[in-house]
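These notebook entries record what I looked up, step by step.

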Amino acid sequence: MNTLRYVIELLRLNVDALRVRPLRALGAVVMMFGNNLVFFLIWVIFFGRFSTLGGWGEQDIALMFGIVAWSFGLAVFLAGGMRYIAQTIVDGGLDLHLGRPCHPLPTLLLARSEASGLGDLASALVFWLWLGGRSPAELPLIVLMASAAAVVICATVIAIQCLVFWVPTALALCEELFNTLMLVTCYPQHPFALPVRIVLFTVFPAAFAAFVPAEVVRHPSGGGVLLMLAAALIYSALAVAIFDRGLRRYRSGNRWLELR
Amino acid sequence: MWRRELQALFACWRLGWDQAREQRMAVLGQSVLYGVVLAIFWALWTATPIHELQGWTPTREELLWYLAITEWIVFVAGARYRQVEAEITSGAIESALLRPLPHGLATLARWSGNTAWYMAVMAVVGMAAAWLLTGHAPPHPLRAPLVVLSAALALLLILMCQLQLGYVAVWFGVSGPVFWIWQKLLFVFGGLQFPLLLYPDLLRRVAENSPFAAMLFAPGSLVLDSGAGIVGLFAGQLLWLAILGAMTLAVSRAVTARLVRTGG
(Lines give C-alpha, C1' and ligand atoms only; values in the text may rest on other atoms or scores of the structure.)
Protein backbone atom coordinates (compact mmCIF):
# COMPACT_ATOMS: atom_id res chain seq x y z
CA MET A 1 0.00 0.00 0.00
CA ASN A 2 2.84 2.33 0.95
CA THR A 3 4.63 1.51 -2.31
CA LEU A 4 1.49 2.34 -4.28
CA ARG A 5 1.17 5.69 -2.53
CA TYR A 6 4.85 6.33 -3.22
CA VAL A 7 4.40 5.50 -6.90
CA ILE A 8 1.40 7.82 -7.20
CA GLU A 9 3.39 10.59 -5.53
CA LEU A 10 6.26 10.05 -8.00
CA LEU A 11 3.82 10.25 -10.89
CA ARG A 12 2.43 13.51 -9.54
CA LEU A 13 5.96 14.92 -9.25
CA ASN A 14 6.73 13.90 -12.84
CA VAL A 15 3.65 15.69 -14.12
CA ASP A 16 4.62 18.75 -12.06
CA ALA A 17 8.09 18.62 -13.63
CA LEU A 18 6.53 18.74 -17.11
CA ARG A 19 4.47 21.75 -16.10
CA VAL A 20 7.62 23.72 -15.29
CA ARG A 21 8.23 24.19 -19.02
CA PRO A 22 4.71 23.96 -20.47
CA LEU A 23 5.61 25.18 -23.95
CA ARG A 24 8.39 22.63 -24.35
CA ALA A 25 6.06 19.87 -23.14
CA LEU A 26 3.27 21.01 -25.46
CA GLY A 27 5.73 21.17 -28.35
CA ALA A 28 6.79 17.57 -27.72
CA VAL A 29 3.14 16.45 -27.60
CA VAL A 30 2.21 18.21 -30.86
CA MET A 31 5.36 17.09 -32.69
CA MET A 32 4.92 13.44 -31.67
CA PHE A 33 1.29 13.58 -32.76
CA GLY A 34 2.35 14.97 -36.16
CA ASN A 35 5.28 12.55 -36.37
CA ASN A 36 2.99 9.52 -36.09
CA LEU A 37 0.52 10.80 -38.65
CA VAL A 38 3.25 11.71 -41.17
CA PHE A 39 4.81 8.26 -40.76
CA PHE A 40 1.47 6.61 -41.53
CA LEU A 41 1.45 8.38 -44.92
CA ILE A 42 3.75 5.62 -46.16
CA TRP A 43 0.99 3.08 -45.63
CA VAL A 44 -1.60 5.33 -47.28
CA ILE A 45 0.66 5.44 -50.35
CA PHE A 46 1.23 1.68 -50.15
CA PHE A 47 -2.48 0.84 -50.07
CA GLY A 48 -3.10 3.31 -52.88
CA ARG A 49 -1.10 0.87 -55.03
CA PHE A 50 -1.81 -2.52 -53.48
CA SER A 51 -5.09 -3.97 -52.26
CA THR A 52 -3.73 -6.05 -49.42
CA LEU A 53 -0.68 -7.02 -47.41
CA GLY A 54 -1.03 -10.69 -46.64
CA GLY A 55 -4.74 -10.26 -45.90
CA TRP A 56 -4.36 -6.99 -44.01
CA GLY A 57 -5.81 -3.72 -45.28
CA GLU A 58 -5.07 -0.08 -44.49
CA GLN A 59 -7.55 -0.05 -41.59
CA ASP A 60 -5.88 -3.05 -39.97
CA ILE A 61 -2.49 -1.38 -40.19
CA ALA A 62 -4.01 1.79 -38.70
CA LEU A 63 -5.39 -0.27 -35.81
CA MET A 64 -1.95 -1.77 -35.22
CA PHE A 65 -0.24 1.61 -35.53
CA GLY A 66 -2.65 2.98 -32.92
CA ILE A 67 -1.83 0.11 -30.57
CA VAL A 68 1.91 0.74 -31.02
CA ALA A 69 1.43 4.47 -30.42
CA TRP A 70 -0.71 3.89 -27.32
CA SER A 71 1.58 1.25 -25.82
CA PHE A 72 4.82 3.21 -26.36
CA GLY A 73 3.11 6.46 -25.34
CA LEU A 74 1.72 5.01 -22.13
CA ALA A 75 5.04 3.36 -21.30
CA VAL A 76 7.18 6.48 -21.79
CA PHE A 77 4.68 8.77 -20.09
CA LEU A 78 4.19 6.65 -16.97
CA ALA A 79 7.57 4.91 -16.89
CA GLY A 80 9.84 7.22 -18.89
CA GLY A 81 12.83 6.10 -16.84
CA MET A 82 12.79 2.67 -18.49
CA ARG A 83 15.11 3.81 -21.29
CA TYR A 84 17.70 5.19 -18.87
CA ILE A 85 18.09 2.16 -16.57
CA ALA A 86 21.28 0.98 -18.31
CA GLN A 87 22.85 4.45 -18.13
CA THR A 88 21.95 4.68 -14.43
CA ILE A 89 23.53 1.29 -13.74
CA VAL A 90 26.73 2.14 -15.62
CA ASP A 91 27.01 5.55 -13.92
CA GLY A 92 26.60 3.96 -10.48
CA GLY A 93 23.40 5.93 -10.05
CA LEU A 94 21.59 2.83 -8.82
CA ASP A 95 22.93 3.68 -5.34
CA LEU A 96 20.32 6.43 -5.06
CA HIS A 97 17.49 3.98 -5.78
CA LEU A 98 18.84 1.22 -3.56
CA GLY A 99 18.81 3.57 -0.58
CA ARG A 100 15.06 4.02 -0.78
CA PRO A 101 12.64 1.92 1.30
CA CYS A 102 11.16 -0.03 -1.63
CA HIS A 103 12.25 -2.15 -4.60
CA PRO A 104 14.45 0.03 -6.88
CA LEU A 105 12.55 -0.79 -10.09
CA PRO A 106 9.48 1.45 -9.52
CA THR A 107 11.62 4.47 -8.74
CA LEU A 108 13.88 3.77 -11.72
CA LEU A 109 10.89 3.54 -14.04
CA LEU A 110 9.23 6.61 -12.61
CA ALA A 111 12.42 8.65 -12.59
CA ARG A 112 11.00 10.75 -15.41
CA SER A 113 8.01 11.21 -17.62
CA GLU A 114 8.18 11.95 -21.35
CA ALA A 115 5.62 14.53 -22.51
CA SER A 116 5.81 13.11 -26.04
CA GLY A 117 3.94 10.06 -24.71
CA LEU A 118 0.79 12.18 -24.54
CA GLY A 119 1.16 12.90 -28.27
CA ASP A 120 1.38 9.17 -28.89
CA LEU A 121 -1.74 8.53 -26.84
CA ALA A 122 -3.69 11.23 -28.67
CA SER A 123 -2.61 9.94 -32.08
CA ALA A 124 -3.70 6.43 -31.10
CA LEU A 125 -7.30 7.62 -30.91
CA VAL A 126 -7.02 9.10 -34.42
CA PHE A 127 -5.60 5.82 -35.74
CA TRP A 128 -8.34 3.75 -34.16
CA LEU A 129 -11.45 5.84 -34.65
CA TRP A 130 -10.69 7.66 -37.90
CA LEU A 131 -8.07 5.81 -39.94
CA GLY A 132 -8.82 2.38 -38.50
CA GLY A 133 -12.61 2.74 -38.76
CA ARG A 134 -13.20 1.27 -35.30
CA SER A 135 -16.34 2.20 -33.35
CA PRO A 136 -16.28 3.88 -29.90
CA ALA A 137 -17.94 0.72 -28.51
CA GLU A 138 -14.74 -1.19 -29.29
CA LEU A 139 -12.56 1.28 -27.39
CA PRO A 140 -12.59 -0.52 -24.01
CA LEU A 141 -11.22 -3.72 -25.58
CA ILE A 142 -8.69 -1.82 -27.71
CA VAL A 143 -7.46 0.23 -24.74
CA LEU A 144 -7.21 -2.90 -22.58
CA MET A 145 -5.16 -4.74 -25.22
CA ALA A 146 -2.96 -1.73 -25.97
CA SER A 147 -2.32 -1.17 -22.25
CA ALA A 148 -1.35 -4.81 -21.83
CA ALA A 149 1.00 -4.29 -24.79
CA ALA A 150 2.48 -1.29 -22.93
CA VAL A 151 3.30 -3.58 -20.00
CA VAL A 152 5.00 -6.06 -22.37
CA ILE A 153 7.03 -3.24 -23.93
CA CYS A 154 8.07 -1.88 -20.55
CA ALA A 155 9.06 -5.38 -19.37
CA THR A 156 11.05 -6.03 -22.55
CA VAL A 157 12.88 -2.72 -22.29
CA ILE A 158 13.77 -3.45 -18.64
CA ALA A 159 15.18 -6.84 -19.65
CA ILE A 160 17.17 -5.23 -22.49
CA GLN A 161 18.55 -2.51 -20.23
CA CYS A 162 19.65 -5.11 -17.67
CA LEU A 163 22.16 -6.35 -20.24
CA VAL A 164 24.70 -3.87 -18.84
CA PHE A 165 24.77 -5.75 -15.53
CA TRP A 166 26.63 -8.48 -17.44
CA VAL A 167 28.19 -6.42 -20.26
CA PRO A 168 28.87 -2.86 -19.02
CA THR A 169 29.98 -1.72 -22.49
CA ALA A 170 26.63 -2.65 -24.04
CA LEU A 171 24.99 0.77 -23.57
CA ALA A 172 24.80 1.48 -27.29
CA LEU A 173 23.62 -2.06 -27.95
CA CYS A 174 20.72 -1.52 -25.49
CA GLU A 175 19.67 1.54 -27.47
CA GLU A 176 19.84 -0.38 -30.76
CA LEU A 177 17.82 -3.27 -29.31
CA PHE A 178 15.19 -0.77 -28.16
CA ASN A 179 15.12 0.67 -31.69
CA THR A 180 14.75 -2.85 -33.08
CA LEU A 181 11.79 -3.48 -30.78
CA MET A 182 10.16 -0.24 -31.87
CA LEU A 183 10.79 -0.97 -35.52
CA VAL A 184 9.57 -4.58 -35.53
CA THR A 185 6.35 -3.65 -33.75
CA CYS A 186 5.49 -1.13 -36.47
CA TYR A 187 5.06 -3.80 -39.16
CA PRO A 188 2.57 -6.66 -39.44
CA GLN A 189 4.36 -9.84 -38.50
CA HIS A 190 2.21 -12.55 -40.02
CA PRO A 191 4.14 -12.67 -43.33
CA PHE A 192 7.36 -13.53 -41.47
CA ALA A 193 8.92 -16.99 -41.65
CA LEU A 194 8.07 -19.43 -38.84
CA PRO A 195 11.46 -19.27 -37.04
CA VAL A 196 11.24 -15.45 -36.94
CA ARG A 197 7.70 -15.61 -35.58
CA ILE A 198 8.82 -18.03 -32.86
CA VAL A 199 11.47 -15.51 -31.77
CA LEU A 200 8.91 -12.68 -31.81
CA PHE A 201 6.55 -14.69 -29.60
CA THR A 202 9.22 -15.71 -27.07
CA VAL A 203 12.65 -14.18 -26.42
CA PHE A 204 11.95 -10.89 -28.24
CA PRO A 205 8.21 -10.49 -27.67
CA ALA A 206 7.51 -7.81 -30.27
CA ALA A 207 4.47 -9.82 -31.39
CA PHE A 208 2.74 -9.14 -28.05
CA ALA A 209 3.43 -5.42 -28.39
CA ALA A 210 1.34 -4.88 -31.51
CA PHE A 211 0.44 -7.83 -33.71
CA VAL A 212 -1.33 -10.06 -31.13
CA PRO A 213 -3.37 -7.23 -29.55
CA ALA A 214 -4.38 -6.09 -33.05
CA GLU A 215 -5.47 -9.63 -33.93
CA VAL A 216 -7.46 -9.88 -30.68
CA VAL A 217 -9.31 -6.70 -31.60
CA ARG A 218 -9.86 -7.87 -35.19
CA HIS A 219 -11.19 -11.26 -34.03
CA PRO A 220 -12.33 -10.77 -30.41
CA SER A 221 -12.21 -13.85 -28.20
CA GLY A 222 -11.92 -14.55 -24.49
CA GLY A 223 -8.89 -16.73 -25.14
CA GLY A 224 -7.12 -13.94 -27.00
CA VAL A 225 -7.74 -11.43 -24.22
CA LEU A 226 -6.50 -13.90 -21.59
CA LEU A 227 -3.41 -14.63 -23.72
CA MET A 228 -2.50 -10.93 -23.85
CA LEU A 229 -3.08 -10.41 -20.13
CA ALA A 230 -1.04 -13.52 -19.34
CA ALA A 231 1.76 -12.29 -21.60
CA ALA A 232 1.81 -8.94 -19.75
CA LEU A 233 2.01 -10.76 -16.42
CA ILE A 234 4.64 -13.31 -17.45
CA TYR A 235 6.96 -10.81 -19.14
CA SER A 236 6.67 -8.44 -16.15
CA ALA A 237 7.64 -11.25 -13.77
CA LEU A 238 10.53 -12.19 -16.06
CA ALA A 239 11.75 -8.58 -16.20
CA VAL A 240 11.75 -8.30 -12.39
CA ALA A 241 13.56 -11.66 -12.10
CA ILE A 242 16.23 -10.58 -14.63
CA PHE A 243 16.66 -7.24 -12.87
CA ASP A 244 17.02 -8.90 -9.45
CA ARG A 245 19.48 -11.40 -10.87
CA GLY A 246 21.54 -8.61 -12.45
CA LEU A 247 21.38 -6.54 -9.26
CA ARG A 248 23.48 -9.19 -7.53
CA ARG A 249 26.34 -8.28 -9.85
CA TYR A 250 26.02 -4.54 -9.21
CA ARG A 251 28.88 -2.81 -7.42
CA SER A 252 28.25 0.54 -5.74
CA GLY A 253 29.15 3.70 -7.61
CA ASN A 254 29.90 5.40 -4.26
CA ARG A 255 27.08 7.84 -4.74
CA TRP A 256 25.37 7.25 -1.39
CA LEU A 257 26.26 10.78 -0.30
CA GLU A 258 23.90 12.19 -2.94
CA LEU A 259 21.02 10.77 -0.90
CA ARG A 260 21.62 13.34 1.81
CA MET B 1 46.76 29.80 -43.68
CA TRP B 2 44.56 27.42 -45.68
CA ARG B 3 47.01 24.58 -45.09
CA ARG B 4 46.65 24.84 -41.31
CA GLU B 5 42.88 24.84 -41.51
CA LEU B 6 42.91 21.83 -43.79
CA GLN B 7 45.20 20.00 -41.38
CA ALA B 8 42.84 20.82 -38.51
CA LEU B 9 39.85 19.61 -40.55
CA PHE B 10 41.65 16.37 -41.38
CA ALA B 11 42.46 15.91 -37.68
CA CYS B 12 38.73 16.27 -36.90
CA TRP B 13 37.89 13.83 -39.70
CA ARG B 14 40.41 11.34 -38.32
CA LEU B 15 39.01 11.77 -34.80
CA GLY B 16 35.54 10.86 -36.07
CA TRP B 17 36.91 7.83 -37.91
CA ASP B 18 38.74 6.61 -34.77
CA GLN B 19 35.69 7.19 -32.57
CA ALA B 20 33.55 5.09 -34.91
CA ARG B 21 36.11 2.27 -34.83
CA GLU B 22 35.92 2.14 -31.04
CA GLN B 23 32.12 1.82 -30.93
CA ARG B 24 32.01 -1.91 -31.57
CA MET B 25 28.80 -2.61 -29.64
CA ALA B 26 26.95 0.16 -31.47
CA VAL B 27 28.11 -1.23 -34.82
CA LEU B 28 27.00 -4.71 -33.78
CA GLY B 29 23.57 -3.42 -32.74
CA GLN B 30 23.15 -1.38 -35.92
CA SER B 31 24.23 -4.28 -38.11
CA VAL B 32 21.63 -6.55 -36.47
CA LEU B 33 18.95 -3.88 -36.82
CA TYR B 34 19.86 -3.26 -40.48
CA GLY B 35 19.63 -6.99 -41.21
CA VAL B 36 16.29 -7.19 -39.37
CA VAL B 37 14.89 -4.30 -41.44
CA LEU B 38 15.85 -5.97 -44.71
CA ALA B 39 14.40 -9.30 -43.54
CA ILE B 40 11.14 -7.60 -42.52
CA PHE B 41 10.76 -5.96 -45.90
CA TRP B 42 11.66 -9.09 -47.80
CA ALA B 43 8.79 -10.81 -45.95
CA LEU B 44 6.48 -7.86 -46.62
CA TRP B 45 7.34 -7.67 -50.33
CA THR B 46 6.76 -11.42 -50.54
CA ALA B 47 3.25 -10.91 -49.14
CA THR B 48 2.54 -7.95 -51.44
CA PRO B 49 0.64 -8.50 -54.72
CA ILE B 50 3.20 -6.70 -56.89
CA HIS B 51 1.38 -7.89 -60.02
CA GLU B 52 -1.36 -5.35 -59.20
CA LEU B 53 0.99 -2.54 -60.26
CA GLN B 54 0.28 -0.77 -63.52
CA GLY B 55 2.98 0.91 -65.58
CA TRP B 56 6.47 0.67 -64.14
CA THR B 57 6.70 -2.66 -62.30
CA PRO B 58 9.84 -3.45 -60.34
CA THR B 59 10.70 -6.95 -59.16
CA ARG B 60 10.77 -7.91 -55.46
CA GLU B 61 14.55 -8.23 -55.73
CA GLU B 62 14.92 -4.71 -57.17
CA LEU B 63 12.73 -3.32 -54.40
CA LEU B 64 14.87 -4.98 -51.72
CA TRP B 65 18.14 -3.76 -53.23
CA TYR B 66 16.65 -0.28 -53.43
CA LEU B 67 15.70 -0.52 -49.75
CA ALA B 68 19.17 -1.83 -48.87
CA ILE B 69 20.63 1.43 -50.23
CA THR B 70 18.12 3.83 -48.65
CA GLU B 71 18.31 2.09 -45.26
CA TRP B 72 22.12 2.02 -45.55
CA ILE B 73 22.10 5.81 -45.76
CA VAL B 74 19.61 6.19 -42.91
CA PHE B 75 21.58 3.86 -40.62
CA VAL B 76 24.91 5.49 -41.37
CA ALA B 77 23.49 8.99 -40.81
CA GLY B 78 21.93 8.05 -37.44
CA ALA B 79 20.80 10.79 -35.07
CA ARG B 80 23.99 12.82 -34.77
CA TYR B 81 22.09 16.05 -34.08
CA ARG B 82 21.92 14.83 -30.46
CA GLN B 83 25.64 15.60 -30.01
CA VAL B 84 25.15 19.26 -30.93
CA GLU B 85 21.96 19.41 -28.84
CA ALA B 86 23.88 18.03 -25.83
CA GLU B 87 26.73 20.52 -26.41
CA ILE B 88 24.23 23.37 -26.40
CA THR B 89 22.17 22.24 -23.40
CA SER B 90 25.30 21.51 -21.34
CA GLY B 91 26.98 24.77 -22.37
CA ALA B 92 30.00 22.87 -23.72
CA ILE B 93 29.57 24.63 -27.06
CA GLU B 94 30.95 27.83 -25.55
CA SER B 95 34.44 26.37 -25.20
CA ALA B 96 34.17 24.97 -28.75
CA LEU B 97 33.55 28.49 -30.05
CA LEU B 98 36.97 29.58 -28.75
CA ARG B 99 38.76 27.25 -31.16
CA PRO B 100 40.17 28.73 -34.38
CA LEU B 101 38.04 26.40 -36.53
CA PRO B 102 34.30 27.22 -36.82
CA HIS B 103 32.21 24.86 -34.68
CA GLY B 104 29.97 23.81 -37.56
CA LEU B 105 32.86 23.01 -39.87
CA ALA B 106 34.75 21.03 -37.21
CA THR B 107 31.56 19.08 -36.34
CA LEU B 108 30.88 18.29 -40.00
CA ALA B 109 34.48 17.11 -40.47
CA ARG B 110 34.26 14.85 -37.40
CA TRP B 111 30.90 13.47 -38.51
CA SER B 112 32.26 12.85 -42.00
CA GLY B 113 35.08 10.71 -40.61
CA ASN B 114 32.62 8.82 -38.42
CA THR B 115 30.26 8.38 -41.33
CA ALA B 116 32.97 7.15 -43.70
CA TRP B 117 33.80 4.27 -41.36
CA TYR B 118 30.15 3.34 -40.85
CA MET B 119 29.57 3.53 -44.60
CA ALA B 120 32.23 0.91 -45.24
CA VAL B 121 31.09 -1.48 -42.50
CA MET B 122 27.36 -1.18 -43.14
CA ALA B 123 27.87 -1.58 -46.90
CA VAL B 124 29.28 -5.05 -46.28
CA VAL B 125 26.41 -5.92 -43.91
CA GLY B 126 23.73 -4.63 -46.29
CA MET B 127 25.26 -6.27 -49.33
CA ALA B 128 25.55 -9.64 -47.58
CA ALA B 129 22.02 -9.47 -46.12
CA ALA B 130 20.35 -8.38 -49.38
CA TRP B 131 22.26 -10.99 -51.41
CA LEU B 132 21.35 -13.70 -48.88
CA LEU B 133 17.66 -12.75 -48.84
CA THR B 134 17.13 -12.27 -52.57
CA GLY B 135 19.59 -14.91 -53.77
CA HIS B 136 20.63 -12.45 -56.46
CA ALA B 137 23.60 -10.14 -56.99
CA PRO B 138 22.77 -6.41 -56.99
CA PRO B 139 21.24 -5.19 -60.24
CA HIS B 140 23.61 -3.09 -62.38
CA PRO B 141 26.82 -3.97 -60.46
CA LEU B 142 28.83 -1.65 -62.73
CA ARG B 143 26.97 1.29 -61.20
CA ALA B 144 28.39 0.49 -57.73
CA PRO B 145 30.93 3.38 -57.77
CA LEU B 146 28.10 5.75 -58.75
CA VAL B 147 25.96 4.43 -55.88
CA VAL B 148 28.81 5.07 -53.42
CA LEU B 149 29.40 8.59 -54.79
CA SER B 150 25.70 9.44 -54.73
CA ALA B 151 25.32 7.99 -51.20
CA ALA B 152 28.30 10.08 -50.01
CA LEU B 153 26.66 13.24 -51.41
CA ALA B 154 23.34 12.22 -49.83
CA LEU B 155 25.00 11.73 -46.46
CA LEU B 156 26.66 15.14 -46.69
CA LEU B 157 23.22 16.66 -47.27
CA ILE B 158 21.78 14.78 -44.28
CA LEU B 159 24.69 15.75 -42.02
CA MET B 160 24.20 19.42 -42.88
CA CYS B 161 20.50 19.10 -42.03
CA GLN B 162 21.36 17.35 -38.76
CA LEU B 163 23.80 20.11 -37.83
CA GLN B 164 21.06 22.69 -38.33
CA LEU B 165 18.59 20.52 -36.38
CA GLY B 166 21.08 20.32 -33.51
CA TYR B 167 21.44 24.10 -33.55
CA VAL B 168 17.67 24.46 -33.14
CA ALA B 169 18.30 23.79 -29.41
CA VAL B 170 19.80 27.28 -29.14
CA TRP B 171 16.32 28.72 -29.66
CA PHE B 172 13.99 26.00 -28.36
CA GLY B 173 16.13 24.28 -25.72
CA VAL B 174 15.59 20.89 -27.45
CA SER B 175 16.00 19.57 -30.97
CA GLY B 176 14.32 16.16 -30.69
CA PRO B 177 10.74 17.08 -31.61
CA VAL B 178 11.85 19.01 -34.72
CA PHE B 179 14.08 16.09 -35.71
CA TRP B 180 11.16 13.61 -35.45
CA ILE B 181 9.15 15.56 -38.02
CA TRP B 182 12.17 16.13 -40.30
CA GLN B 183 13.02 12.42 -40.14
CA LYS B 184 9.49 11.31 -41.05
CA LEU B 185 9.43 13.80 -43.93
CA LEU B 186 12.72 12.28 -45.07
CA PHE B 187 11.18 8.80 -44.92
CA VAL B 188 8.05 9.79 -46.84
CA PHE B 189 9.38 12.32 -49.37
CA GLY B 190 12.74 10.61 -49.69
CA GLY B 191 11.13 7.30 -50.64
CA LEU B 192 12.73 5.28 -47.86
CA GLN B 193 10.61 2.15 -48.14
CA PHE B 194 9.72 2.15 -51.81
CA PRO B 195 10.72 4.25 -54.83
CA LEU B 196 8.98 7.56 -55.49
CA LEU B 197 7.99 6.08 -58.88
CA LEU B 198 5.26 4.16 -57.03
CA TYR B 199 3.79 7.34 -55.49
CA PRO B 200 0.65 9.04 -56.81
CA ASP B 201 1.54 11.65 -59.46
CA LEU B 202 1.06 14.82 -57.41
CA LEU B 203 2.85 13.49 -54.34
CA ARG B 204 5.66 12.17 -56.52
CA ARG B 205 6.21 15.57 -58.13
CA VAL B 206 6.28 17.26 -54.71
CA ALA B 207 8.70 14.63 -53.36
CA GLU B 208 11.01 14.74 -56.39
CA ASN B 209 11.37 18.50 -56.03
CA SER B 210 12.15 18.31 -52.32
CA PRO B 211 15.68 17.95 -50.91
CA PHE B 212 14.65 14.61 -49.39
CA ALA B 213 14.62 12.91 -52.80
CA ALA B 214 18.30 13.86 -53.24
CA MET B 215 19.05 12.20 -49.89
CA LEU B 216 17.46 8.76 -50.41
CA PHE B 217 15.72 8.26 -53.73
CA ALA B 218 18.61 9.53 -55.87
CA PRO B 219 21.20 6.94 -54.73
CA GLY B 220 18.57 4.18 -54.42
CA SER B 221 17.23 4.72 -57.93
CA LEU B 222 20.61 3.77 -59.40
CA VAL B 223 19.76 0.08 -58.93
CA LEU B 224 16.37 0.41 -60.64
CA ASP B 225 15.49 0.20 -64.31
CA SER B 226 13.54 3.41 -64.02
CA GLY B 227 14.95 5.20 -67.04
CA ALA B 228 15.99 8.18 -64.91
CA GLY B 229 19.04 10.12 -66.16
CA ILE B 230 22.21 9.76 -64.09
CA VAL B 231 23.49 13.25 -64.94
CA GLY B 232 20.22 14.84 -63.81
CA LEU B 233 20.38 12.83 -60.61
CA PHE B 234 23.83 14.13 -59.67
CA ALA B 235 22.98 17.66 -60.80
CA GLY B 236 19.99 17.61 -58.42
CA GLN B 237 22.18 16.47 -55.54
CA LEU B 238 24.78 19.18 -56.24
CA LEU B 239 22.08 21.84 -56.44
CA TRP B 240 20.70 20.86 -53.03
CA LEU B 241 24.26 20.69 -51.69
CA ALA B 242 24.72 24.34 -52.64
CA ILE B 243 21.35 25.39 -51.16
CA LEU B 244 21.70 23.45 -47.91
CA GLY B 245 25.36 24.49 -47.62
CA ALA B 246 24.35 28.15 -47.77
CA MET B 247 21.56 27.51 -45.22
CA THR B 248 23.98 25.72 -42.87
CA LEU B 249 26.40 28.63 -43.09
CA ALA B 250 23.64 31.13 -42.32
CA VAL B 251 22.30 29.10 -39.38
CA SER B 252 25.84 28.58 -37.98
CA ARG B 253 26.46 32.32 -38.07
CA ALA B 254 23.13 33.05 -36.42
CA VAL B 255 23.88 30.51 -33.67
CA THR B 256 27.34 31.93 -33.06
CA ALA B 257 25.96 35.47 -32.92
CA ARG B 258 23.29 34.44 -30.43
CA LEU B 259 25.68 32.48 -28.24
CA VAL B 260 28.20 35.33 -28.21
CA ARG B 261 25.40 37.76 -27.29
CA THR B 262 23.44 35.74 -24.72
CA GLY B 263 25.64 32.79 -23.78
CA GLY B 264 24.81 29.07 -23.85
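Is B:Asp18 buried, partly exposed or exposed? I note first that the model is predicted. I looked up B:Asp18 and found a relative accessibility of 30%, so B:Asp18 counts as partly exposed.

**Entry 1: the partner of B:Asp18.** I found that B:Asp18 forms a salt bridge with B:Arg14, with 3.6 Å between the closest N and O atoms. Both residues belong to helix α1 (residues 2-22) of chain B, where a spacing of 4 residues separates them by about one helical turn. B:Arg14 is likewise recorded as partly exposed, at 40% relative accessibility.

**Entry 2: helix α1 of chain A.** I then looked up A:Asp16 and A:Arg19, whose side chains meet in a salt bridge at 3.6 Å, N to O. These two residues lie 3 residues apart in helix α1 (residues 2-20) of chain A, about one turn of the helix. A:Asp16 is partly exposed, with a relative accessible area of 28%, whereas A:Arg19 is exposed at 62%. I also noted that the pair is part of a network of salt bridges that links A:Glu9, A:Arg12, A:Asp16 and A:Arg19.

**Entry 3: a pair with a buried member.** I next examined A:Glu138 and A:Arg134, which form a salt bridge at 3.1 Å, N to O. Why does A:Arg134 count as buried? Its relative accessibility is 16%, and buried means under 20%. A:Glu138, at 24%, counts as partly exposed.

**Entry 4: salt bridges counted.** Over all chains, I recorded 11 salt bridges in the structure. How many are there between chain A and chain B? I found a count of 0.

**Entry 5: the interface.** I looked up the contacts and found that 36 residues of chain A touch 39 residues of chain B. The two chains bury about 3,300 Å² between them, and 77% of this area is on carbon and sulfur atoms. A:Ile45, A:Arg49 and A:Phe50 supply 20% of the area that chain A buries against chain B, more than any other three residues. Across the interface I noted 6 residue pairs in polar contact.

**Entry 6: the side of chain A that touches chain B.** Helices α2 (22-49) and α10 (171-185) of chain A each supply at least two residues to this side. Helix α2 of chain A gives the most, with 15 residues. By residue type, I recorded 22 nonpolar, 10 polar and 4 charged residues on this side.

Methods
Residues are numbered from 1 along each chain as its sequence is written. Chains are lettered from A and ligands numbered from 1 in the order in which they are written. This is a predicted model: local features need pLDDT of at least 70, side-chain atom pairs count only at pLDDT 80 or more; totals for chains, interfaces and linings use all residues. Side-chain values use heavy atoms; hydrogens and water are left out. A salt bridge is a side-chain nitrogen of Lys or Arg within 4 Å of a carboxyl oxygen of Asp or Glu. Buried means under 20% relative accessible area, exposed over 50%, partly exposed in between (1.4 Å probe, protein chains only). Contact means heavy atoms within 4.5 Å. Buried area is the accessible area (1.4 Å probe) that two parts lose on being put together, summed over both. A polar contact is a pair of N or O atoms within 3.5 Å; within protein, one must be able to donate a hydrogen and the other to accept it, and residues adjacent in sequence count only if both atoms are side-chain atoms. Ala, Val, Leu, Ile, Met, Phe, Trp, Tyr, Cys and Pro count as nonpolar, Asp, Glu, Lys and Arg as charged, and the others, Gly among them, as polar.
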